[in-house]
Amino acid sequence: MATKEKKENKETSRRKFLKDAGLLAGGIAGSMGMVNLAGAASGSKDTATEIQAQGKTVAVPEPVYEVYDTDILILGGGFAAVSAAMEAFGQGVNLLMVDKGPFGFSGGVGMNWDNYVASTVDGDKAYRFNFWYSEGLANQKAMSAIYNHKIDNQLLIEMANRGTTAFSRTKEGKLITIPMIPGADVVEHGFSRHESDELKRYAINVVENTMITELFIQDGRCIGAMGIYLPTGTFRVFRARATIAAAGPCTWHYGWLSVGPVSVGSPDNTGDIDAIALRHGAGLTDCEFMANDLISMYPEGLAGSYNGGIGADDVDYTYICDKNGDFWMKNIPREEMNRGLFSREVAKKILEGKGGPHGGVYIDCRSDAKIAGLRDLYKRNIKPYKDLFGFDFKKDLLEVAPEWYESNGHPVVDENLATEIPGLFCPLGGGTRGARTGSIDVSKCAGSLSGLKAVEYADKMKINRIDWQPVNKEFIRIHEILNRKVNKPIRPHVVRHAIQKASFNALGPIRDKASLESSIKELVRIRKEDLPKMIVSAKTKIFNTEWKEAIENYNMIDMVEAMCRAALMRTETRGPHYRADFEKRDNENWLCNITVKLVNGKMQLEKKPIVCLDYTPEQVKIFIDNKFSL
């Protein structure tokens, strides 16, 4: 793809910035594509100016940054982001992907798990099934648009035929399909990293190892984003006619087990873009909902590891038992099982005192027949567990605990997947899933649709001038964090663990008023007392992971507080949101969404009616109880 390369090193006057808080520069003249990083400098040698912050004098370097121009900016590198990129590329526009990690090795795609991939999907049946799965809370217009947006599976077919991905086949070479849900068959053993590899073959522009710290908002519209190139600390500004936020879930906040949280997620999943959008006035919805898989908690260094662990979920659950050996879920038909029911069943068993010491249940692999029932990615770890850690599955039950692999708290979107901030699109935005959580087919369809709608928006979008004040302010903000000086400082990892502990105590599979209120109180304390004292010990900008962690903590605490407040407000049990003090679903009072907004620095929560298309709220009450009765 032909692109025009351009690099701008903006050096603004520190004194002038402090005087009038910004400059005006010329507007975008056409689509410039990706900056060539070969030989790109991070600017001239830093000169510092002293400012007052946290009651102390802090030296902050003069703003120096690179500017990238494009038509479509895609934030993320996972399933939805890759699909959005392929769609936009097919529309013939210039596009740029920004990945927080190394592209192809970060997020859900980079984990390269052996995943289920939809092979055939009937749009209407899949829509109806997933609306039931959402327990009635999904935006019907958005959901219908996603499930009726036909994506081209030609890429997957080409990859399978070339042998670059290894779907399950019979000895004769025929693909093995598995009935998963009404309207969809799937194939197993699709490796997600192969899809990001395909993007490289198309020469789609990717800026990797770049953490977005702020959206670029002008006149109430999103015209791009900005952030840090982590290897060097260079500040980068991305200007675009439309921006797609596809940075994945916020999962890294849930507990801590020696080397990682109780999550199979990526360290990059800290809710950055969602928290930033919240601070710019966007409402977040479905914050109270998440998804739990069961994954092994032993050995501790591998706890929460999907590829390195052994577990179960709402697809493979028949070999789960309690501590007494009762396989209580084995008779639940697959068509009746979903994430919510799965999570609630596990929570109830733990409440009955029939779980394990780490808050989980067990899997029984004490016979060859039971081992044969494991998915291949789990089965392959049986021998290494015995050889390396001395765990003999033929003798002992293995405890598996609920981990947090997906979250739903994203900016509210309409049927075009457009957020309340014009110019910002979110493939899996708030309302697209309700009480259900992610699946790969939904991510791909939604990503593709967001790419199409972003291109349509960009075609009509014009920017006449750029106000650089927001860029300068963000540069100052993140460098103040780097250079902060306080009495009795606190390291970022200490603050991080305090947030994770508060999350773990309140947002697990079992929730109640007391634990939620306690954690909210602790989060308020952390925000008031700990965040202002958080300092970065090393002042270098080169691969400064502590600086990265400190910036992320501001996003993480916003997301966890939004989740806790929404979970406290919803006084019922629905989907994976299990309130031990309100165990019944309450359609009369809670067949609605909860939207969280930031107003004058404080979170405000509001009930919002579900967005209807096919079914009225009265019909929905019947539909979610009787599934396909309508």
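Tutor: Strand β14, residues 284-285, pairs with β20 in the antiparallel sense, and two bridges join them. At residue level, L284 has P411 of β20 as its bridge partner. Keep in mind that this is a predicted model.

The pair belongs to an open sheet of four strands, whose order is β20-β14-β23-β24 and whose pairing is antiparallel. The edges are taken by β20 (410-411) and β24 (602-609). Each of these edge strands has a single partner strand, so one side of each has no neighbour in the sheet.

Next come the helices on this sheet. Helix α8, residues 272-279, packs on it and touches β14, β20, β23 (592-599) and β24. The direction of α8 makes about 70 degrees with that of β23. Helix α17, residues 545-569, lies across β14, β23 and β24. Its direction is at about 50 degrees to β24. Within the residue range of α17 is C564, which counts as buried because its relative accessibility is 0%, below the 20% cut-off.

C426 has a relative accessible area of 4%, and under 20% means buried. As for cysteine pairs, a disulfide is a covalent bond between the sulfur atoms of two cysteines. A search of the whole structure finds zero disulfides.

Last, a contact between two helices. The axes of helix α5 (residues 140-147) and helix α13 (residues 440-460) come within 8 Å and cross at roughly 95 degrees. That angle is why α5 is described as roughly perpendicular to α13. On the α5 side the contact is made by A145, I146 and Y147, and on the α13 side by V442, C445, A446 and L449. Sorted by type, the residues of this contact are seven nonpolar, no polar and no charged.

Terms used:
Residues numbered from 1 in each chain as written. Predicted model: local features only at pLDDT ≥ 70, side-chain atom pairs only at ≥ 80, totals over all residues. Heavy atoms only, no water. Disulfide = S-S within 2.5 Å. Buried < 20%, exposed > 50% of the residue type's maximum accessible area, 1.4 Å probe, protein only. Axes fitted to C-alpha atoms, helices over the stretch in contact; angles between N-to-C directions. Parallel < 35°, antiparallel > 145°, perpendicular 65-115°, else oblique. Contact = heavy atoms within 4.5 Å. Nonpolar A, V, L, I, M, F, W, Y, C, P; charged D, E, K, R; others polar. Pairing = 2+ DSSP bridges.
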